[in-house]
Amino acid sequence: MWPGEWSSHLFVIDDLDEYAKAWGIKHDVQRTGLAEHVHQVRWAESDEEKNPRSPYIGIEVVLDCGCKIESLRVFAEQMREQKGWAVATSVGWSRWGGPEGTTYSLRVRRKSLAS
């Protein structure tokens, strides 16, 4: 979203590092919750999954590496590179804590889980 009133407004970017972090150009562990490493991921199909013909499937994910998902877009990009998953970023996702740590509920393209 453009912060100016008119599209012709210009702004000076005085902190390029902060600008890069804010737009995801430069990885920021504090903002994303995700270190740049191969994640140790456990996942299972969601109990609520009803449509076996849907191209997307609901899964529940636990990160055993200690990372936390704060940016779904960054997690989706990392999982695409690491596991070939196509994580949906245009739909809602959730998280909750339990005895095994934080569990995340996501939507993933069904065919990408098989790769």
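1. W93 counts as partly exposed, because its relative accessibility is 29%, where buried means under 20% relative accessible area, exposed over 50% and partly exposed in between, computed with a 1.4 Å probe and protein chains only. The model is a predicted one, in which local features need pLDDT of at least 70 and side-chain atom pairs count only at pLDDT 80 or more, while totals for chains, interfaces and linings use all residues. Residues are numbered from 1 along each chain as its sequence is written, and side-chain values use heavy atoms, with hydrogens and water left out.

2. Two aromatic pairs are found when the whole structure is searched; rings of Phe, Tyr and Trp (for Trp, the six-membered ring) pair if their centres lie within 6.5 Å, and the pair is called stacked if the planes are under 30 degrees apart, edge-to-face if over 60, and tilted otherwise. One of them is the edge-to-face pair of W43 and W85, with 6.0 Å centre to centre and 85° between the planes. This pair links distant parts of the chain, 42 residues apart, since W43 belongs to strand β1 (residues 41-45) and W85 to the loop between α3 (72-83) and β3 (94-98); here helices (H or I, at least four residues) and strands (E, at least two) are DSSP runs, numbered from the N terminus. W43 is partly exposed at 39% relative accessibility, whereas W85 is buried at 3%.

3. W93 and Y104 form a tilted pair, with 6.3 Å centre to centre and 35° between the planes. Because W93 lies in the loop between α3 and β3 and Y104 in strand β4 (residues 101-109), the pair ties together parts that are 11 residues apart in sequence. Y104 is buried, with a relative accessibility of 2%.

4. H39, in the loop between α2 (29-32) and β1, is buried, having a relative accessible area of 3%. Its side chain is joined to that of Q78 by a polar contact of 2.6 Å (a pair of N or O atoms within 3.5 Å; within protein, one must be able to donate a hydrogen and the other to accept it, and residues adjacent in sequence count only if both atoms are side-chain atoms). Not counting residues up to four places away in sequence, H39 touches L34, L63, C65, C67, Q78, M79 and Q82, contact meaning heavy atoms within 4.5 Å.

5. S46 is placed in the loop between β1 and β2 (56-63) and counts as buried at 11% relative accessibility. Leaving aside neighbours within four places in sequence, S46 is in contact with G58, I59 and E60.
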